[in-house]
Amino acid sequence: MNTVRVEAGYLPGLAAADVQWQTLPFEQDGQRVDVAVPVLTALQMQAIAERVKRASAQHLKTMTVSEIIAVIDRAIARLLDPNDPYRRQADALLPIVSGYDVEMVRLGLTGFFKTFRAPQLHRFVAEDFANPKVLDGFQPAAKGGAVRAYGPQLLAHSWAGNVPALALWSLVCGLLVKAGNIGKLPSAEPLFAGWFARLLAEVHPPLADCLAVVWWRGAGDEDASALYAQADTVVAYGGNDALHAIQRRLPVTARFLAHGHKLGFGVVSAMALDAQKAPALARRAAWDVMRYDQQGCYSPHVFYVQRGGPVSPRDFAGYLAGELSNLQRRFPRRALDLEESAAAAKWRQSIEWTLTPDGADALIGDMETAWSVAYIDEAASLAPTALQRSITVAGIDALDEVAPLVACRREFLQTAGVAATPEELYRLAEQLGTAGVTRVSAIGAMSVPEAGWHHDGRFNLLDLVRMTEIEQSAEAAADPFASYEP
């Protein structure tokens, strides 16, 4: 077996020989990657946090947002270059570490990186700030006076590893608000964040000490507490138990921005179901199911399909099954571990137990296939599938039925993919927004969010900053003291 050893993380000011390392092994198709992750002491963590804060105050906070965007754009250009060493390393090792198909990872990374080019990042900033210059200095306020936005001195990230390179979202956000950044690697994908930190340091050496990438197991110990004690703001991704464990460690003064598990679903109008449109729509829906095997928070679990079109909901489920079968040949599903296999089998069994005797319901795909489509003729409340390319298609009589079916999962709602007429889209979006949905996309785009999307309905950058105002009264009071006044 071919084995590659890679050192993960990014530790400015610390020599590798002074750090303990733990090896995380990954295997895929006869290839093995041993990833060495750094295990810091509390004193080392404290020292690296202080170093990052000092460096970001000296360098990052003195740059304009446009200058920061230009640096990120240069780094992203290298990641989009298939011949760049960092991109070659990502294409070669991330499939082994994540278990996902090589071509799926390559296409996924390219699409993901394209959302972080300079034009997209400028739109990203403009989405949250009517005047992006408030991040660079005091700007006139409409009500009088002036206002400025300040990012954290130290922003701590706790990343999830269910999708390769996911750390890029929050790390870029931290850079755009000029925060010192320290991220905790996920054990499931411990490579990309450290690579990106090194790449930024190569592209713009003054940033070399403005960020760090560390690791600890689970909720951590004194090392995690040492970092959180110095962080103004903490952004965390993961399950509710993991998020609660982090929150318990935080000082009461720290701002905590948590992103937990979410459920996505799709809605298909009868107007989208003629003989020409339905197969193409099923193809796009299958891509949303296939991408990273539904591991993203935006992935669909159920498609609610309206009756009354030339193509029935049951026939749409058949089209979707056919497309998933085609995609399995092109992008094979990753091998499942025992727990995942058991969950998939349990989900299939639960569907089989509820199939109606009249044959109206159906389970398409047998135990040997790497995908499953359940067709339910009478739609029930939104419920998660087993992921791993398992999807439910539920028949509905009217689009107005959907919001009540998903509202019971309000705290978990995020993305809804919609195929409907313009009039239906806006009526449905109003209902779904009231029910708790925070993102409405086209089917086929559910698993590829736009740059600057409001993640979980929140602001990506505004949530990270504090605003300082110079009131109009202060401006007026300063005038008499000016040298030009009599």
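Tutor: A search of the whole structure finds 20 salt bridges. Keep in mind that this is a predicted model.

Student: What makes Arg32 and Asp34 a salt bridge?

Tutor: The N to O distance between their side chains is 2.7 Å. The cut-off is 4 Å between a side-chain nitrogen of Lys or Arg and a carboxyl oxygen of Asp or Glu. So the Arg32 and Asp34 pair qualifies.

Student: Why is Asp34 called buried?

Tutor: Asp34 has 15% relative accessibility. Buried means under 20%. Therefore Asp34 counts as buried.

Student: And why is Arg32 called partly exposed?

Tutor: Arg32 comes to 25% relative accessibility. Partly exposed lies between the 20% limit for buried and the 50% limit for exposed. So Arg32 is partly exposed.

Student: How do you know that Asp274 and Lys277 form a salt bridge?

Tutor: Their side chains meet at 2.8 Å, N to O. The limit is 4 Å, so the label holds.

Student: What are the labels for Asp274 and Lys277?

Tutor: Asp274 has 22% relative accessibility and counts as partly exposed. Lys277, at 45%, also counts as partly exposed. Exposed would need over 50%.

Student: What makes Asp293 and Arg389 a salt bridge?

Tutor: The N to O distance is 2.8 Å. The pair ties together parts that are 96 residues apart in sequence, because Asp293 lies in the loop between helix H10 (277-290) and strand S12 (300-306), and Arg389 in the loop between strand S14 (372-376) and strand S15 (390-396).

Student: Is Asp293 buried or exposed? And Arg389?

Tutor: Asp293 has a relative accessible area of 0%, so Asp293 is buried. Arg389 stands at 1% and counts as buried.

Student: Which residues are linked with Asp293 and Arg389 in a network of salt bridges?

Tutor: Arg334 and Glu340.

Student: How many of the residues of the whole chain count as buried?

Tutor: Of the 486 residues, 53%.

Student: How do you know that the radius of gyration agrees with a compact globule?

Tutor: With 486 residues, such a globule would have a radius near 23 Å. The protein chain has 25 Å, which agrees.

Student: What does the secondary structure come to?

Tutor: The protein chain has 15 helices and 18 strands.

How values were computed. Residues numbered from 1 in each chain as written. Predicted model: local features only at pLDDT ≥ 70, side-chain atom pairs only at ≥ 80, totals over all residues. Heavy atoms only, no water. Helix = DSSP H or I, 4+ residues; strand = E, 2+ residues; numbered from the N terminus. Rg over C-alpha atoms; globule rule 2.2 N^0.38 Å. Buried < 20%, exposed > 50% of the residue type's maximum accessible area, 1.4 Å probe, protein only.
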